[in-house]
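Work through the exercises below with the sequence and the structure open. Try each task before reading its solution.

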Amino acid sequence: MTKKLNKNTDKPICNAPFTSAYYFGLRGNLGFCCSWEDDKQPYYKVNKDGPPEEFWTSQYAQDIRQQMLNGEWPEGCYNCKWHEDRGLESDIDMFRKIPVDVKDFDVVHGNTTHKKPVYLDYRPDNLCNLSCIQCSPGNSTLIEDFGDNETWGIGQDTWRGSLKYIKENKERFHEIEYFVNEHLLHQGLLQIKLLGGEPTINAGVQRTLKHLIDNDYAKDIRLKVTTNFTNLNKTYEMFSHFKEVHITASIDGAGKTYEYVRHPAKWKAVRKNLLTFMEKYLVKPGYSLSLNTCIMTHMAFTLTDWLSELLDLWFCERIRLVGVKGRDNLWGSIMLIPVTELHSSINAIPSKFIDDILYELETLKKTLNRRNKKFVDAMDEVGFKAEDWKYTESPEYTIDKLIKVFQDHKYDEEAHYAWAVMAMAQHNFKNCDITKLDPRFLEMFDMLDEETVFTKNKYKFPGSYKSWKENKEKDPNFKFFPSNK
Ligand code: SF4
């Protein structure tokens, strides 16, 4: 098949389908990137759509490449399109930097030089030591346990399909590892991104790193690892064999908000690990760091507290600790990721609260922008000027993006209900009370009429409906949600 060209630019919308593979072994998902919206256009499902080794040249892959060359957005690219339409950075920028010539792109083989992906995003399994609110059983063994054993059936209601799928795919982990080692790790690989679960505690990840080191591939590869920073263990020593090392820290908020969201991590310990990493590794050539912060309902009412602390840590402490010695490693940014899962999406927040949140953000922007004295002083010390700093890596960008995220809010009663039910399940299983974070959460519970909401949603949430009904029959005054009334 000959390559058809995009009439206008001769460039695809995105380079990922020509250069990159994403493999989430436990979910059996193969694709080109992690930004893909599986709900809108499914990933290539291993075994259902075909064996993993046929993915790269499959009709599925060819159709997406051709669409990209035609200048048409595939449905699965919803997330990137959302960002691009608003003038925000999307993952497209990262894939544009891959050093493979566009002239080398090919619909059938992706690219004619390697005929394989040169970037790999690999998530072998779900072993994790945290159970974060927005996460799912596919990414955390603790949430898998929550889904299996939470007594009100809410975990089952939310993740029934994925819990079943995970159990089936767990049997295949040898096959998954074999496929990756044999087909996706190769001499021409330029970047590997490892995620979990928590990759630093995963023996499979350590085997993959060892494979790359033993085959002498590591010295040419940029390694990217996403970690929760609950430890700085011996896996970090393996990183030094790689050409470059980029660490992404998953840090959702700070202080008590962080501890609610990323149970059972302790903010003080994680903060200390982050600072130690900056001091010990971020000063070495080839190392870099960025932060991923998910944005969800649970963080919306304490924005001023956690955002101030995070911006301080990122824009002042980091620069001070890394100093002139690691000046070249200071280019990473805080990536804000709006969560789309129904029970965590900010669309669960009733509209009456949004103006206050936007006002808080505007106020914060006035005091914490790049002209903030502390930030300017820290930059001065390492010889940067405020105007040297890219807007997309500045505190203003972080706040501006949050403002855009909240301006885009659209109240969704179903999300409100899903949030309430999941918050109660979290309370039941993990003993963490969201109403202690901010009184507005109690108001959010009180705005739901239990009777209406449970009967309306009984087919979607049969387990939670059954628990509510049983309790109501025993005691007509029973309240599933906490209430001030
Ligand atoms: S546009 Fe975004 S979602 Fe689509 S392939 Fe590229 S990175 Fe992935």
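**Exercise 1.** Does Asn-431 count as buried or exposed, and why?

Solution. The model is predicted, so local features need pLDDT of at least 70 and side-chain atom pairs count only at pLDDT 80 or more, while totals for chains, interfaces and linings use all residues. Residues are numbered from 1 along each chain as its sequence is written.

Step 1: recall the cut-offs. A residue is buried if 20 or more other C-beta atoms, placed from the backbone, lie within 10 Å of its own, exposed if 12 or fewer, and partly exposed in between.
Step 2: apply them. Asn-431 counts as exposed because it has 9 C-beta neighbours inside 10 Å.
Step 3: locate the residue. Asn-431 sits in the loop between helix H16 (413–430) and helix H17 (439–446). Helices (H or I, at least four residues) and strands (E, at least two) are DSSP runs, numbered from the N terminus.

**Exercise 2.** Describe the backbone at Asn-431, Asp-216 and Pro-264.

Solution. Step 1: start from the general rule. Most residues other than glycine have a negative phi, and most peptide bonds are trans.
Step 1: check phi. Asn-431 has a positive phi of about 55 degrees, and phi of Asp-216 is near 65 degrees, also positive.
Step 2: Asp-216 counts as exposed because it has 10 C-beta neighbours inside 10 Å.
Step 3: check the peptide bond. His-263 and Pro-264 are joined by a cis peptide bond, with omega about -5 degrees. Pro-264 is in the loop between helix H10 (255–261) and helix H11 (267–280).

**Exercise 3.** Which residues does Asn-292 contact, leaving aside its neighbours within four places in sequence?

Solution. Step 1: find Asn-292 in strand S10 (residues 287–295).
Step 1: list its contacts (C-beta atoms, placed from the backbone, within 7 Å). With those neighbours left aside, they are Thr-226, Thr-248, Ser-250, Met-335 and Ile-337.
Step 2: classify it. Asn-292 is partly exposed because 14 other C-beta atoms lie within 10 Å.

Conventions: Contact = placed C-beta atoms within 7 Å.
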